[in-house]
Each structure stands twice: as C-alpha cells, then as structure tokens.
Amino acid sequence: MEQLRKYFDETFNISEEDWKIFSSKLFRLELPKKEILLNIGQTENYLSFIEEGVVRFYIPRLENDLTTGFLFKGTFLSAYDSFLTQTPSKYRVETITPTILWRLTYCDLQDIYRQTTIGNLIGRKASEELFLKKHQRELSFLHDTAEERYLRLFTERPELIQHIPLKYIASYIGVTPQALSRIRKRIS
C-alpha cells in the first residue's frame, strides 16, 4: 500500500483524513500469471491499482485472441465501460505476469465520492488515465504503421515488454506473429 500512498500523495496531495477513509476500503489481491480477472459476461465491480505486474485486455477467438490493451505497474485497472455502466463485459481481463492489485468495489468508490473531499478527483484521474490509453491506441491505429506501434510500445515500457508473449504483442499492434517477427528482424 506504500506505493499507492506515495502515488496519491504526489498526484493528489491527499489529506490524512481522506487517506484513512480511502485506504480503509482497499484490499490487496495477489494473483499468479494467466489469472482471469474478468470474463466475458461478468460485470466489472472493481477499480484497481496495479502495484506489480502486467495485465491484458482481450477478446478470445478460436485461432488468435484479439488483444486490445495492456496495463502496467503504477496504473489504474478496470474494465471501465462495464464498471461505469454496471453491465456485462464484452472482453476478458487477464494477468500476464504475477500481479499485485489494490482494489475498491464499485459501491465503496461511491462511498468515497460521498465521504471525502478528494474522492471525485481520484475518480476523475482514474477515468482520464483509462480514457487516454484507449484514445491513444485508437489514434495509433489510424495514423501509425504496425512497426511504429511496436516501436512505441517497446520505447515506452522496454523493461516490461520482455514479459509479454510475442503473440499478444502481435495481436495488440494488429499483425500476425509472423509479421511481427519480420518487423523485429527489420529493426534489429
């Protein structure tokens, strides 16, 4: 919880009183790699902060899953569309590496909004962070080549990309594993 407290101090300058209320609602969850956090048809009930690990969002397919996103250590995690609307998810969320999360339930977050002076700011920051990741990915598909998307992912998180199987990276940038292999060979 120390990492989360530091993040909240640096980002929000959270008061001790608000931190006590907020932290009293949090619970820690340790997960192995390849653990499903949310399945298709389930409703997202958690807003989480990733203390450690890598998580992927994907749509399962018979041949190749369609990976739509990755989240890393130090970021918020949620199937946010499902969380906001409290409706079933149309995709899966899974850990890629052993992962440690700090989680809040939907109901607890609503309580935090009502009980603290900083709750709405925290909720806004989490939603903005998740929105910006989604928006950047959409723009990347409109403007960048697969090679540029790969290089950006590699440049932004080089230490973590080693933990993501190449087939997930290929799916994420919109190419086959064979095409990714050619991209990697070309840029090395």
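1. In this note, Ala, Val, Leu, Ile, Met, Phe, Trp, Tyr, Cys and Pro count as nonpolar, Asp, Glu, Lys and Arg as charged, and the others, Gly among them, as polar. By these classes, the lining of the largest pocket is made up of 15 nonpolar, eleven polar and ten charged residues. The structure is a predicted model, and the points below should be read with that in mind.

2. The largest pocket holds about 1100 Å³ of space. It is lined by 36 residues, and those closest to its centre are Thr68, Gly69, Leu130, Lys133 and Lys134. Two or more lining residues come from each of β4, β5, α3, α5 (119-143), α6 (146-156) and α8, and of these elements α5 gives the most, with nine residues.

3. The second largest pocket has a volume of about 180 Å³. Its lining includes Arg56, Glu63, Asn64 and Asp65, together with Lys167, Tyr168, Ala170 and Ser171, and the lining residues divide into four nonpolar, four polar and four charged. Here α8 makes the greatest contribution, with four residues.

4. Across the whole structure, a search finds 16 aromatic pairs. One of them joins phenylalanine 57 and tyrosine 91, whose rings are tilted at 50° between the planes and lie 5.9 Å apart, centre to centre. This pair links distant parts of the chain, with phenylalanine 57 in strand β4 (residues 54-59) and tyrosine 91 in the loop between α3 (80-85) and β7 (92-95), 34 residues apart. Phenylalanine 57 is buried because its relative accessible area, 9%, is under the 20% cut-off, and tyrosine 91, at 15%, is likewise buried.

5. In another pair, the rings of phenylalanine 70 and tyrosine 172 have centres 4.9 Å apart and planes at 55°, so the pair is tilted. This pair also links distant parts of the chain, as phenylalanine 70 belongs to strand β5 (residues 66-72) and tyrosine 172 to helix α8 (residues 166-173), 102 residues apart. Both phenylalanine 70 and tyrosine 172 are buried.

6. A reader looking at the aromatic residues may also wish to find one aromatic cluster, which is formed by Tyr7, Phe8, Phe12, Trp19, Phe22, Phe49 and Phe76.

Notes: Residues are numbered from 1 along each chain as its sequence is written. This is a predicted model: local features need pLDDT of at least 70, side-chain atom pairs count only at pLDDT 80 or more; totals for chains, interfaces and linings use all residues. Side-chain values use heavy atoms; hydrogens and water are left out. Rings of Phe, Tyr and Trp (its six-membered ring) pair if their centres lie within 6.5 Å; planes under 30 degrees apart count as stacked, over 60 as edge-to-face and the rest as tilted. Buried means under 20% relative accessible area, exposed over 50%, partly exposed in between (1.4 Å probe, protein chains only). On a 1 Å grid over the protein atoms alone, a cavity is a set of points where a 1.4 Å probe fits but cannot get out, and a pocket is an open set with protein on both sides within 12 Å along at least five of seven lines; lining residues have an atom within 4 Å of a point. Grid points are joined across faces, edges and corners, and a volume is the space filled by probe spheres set on the points.
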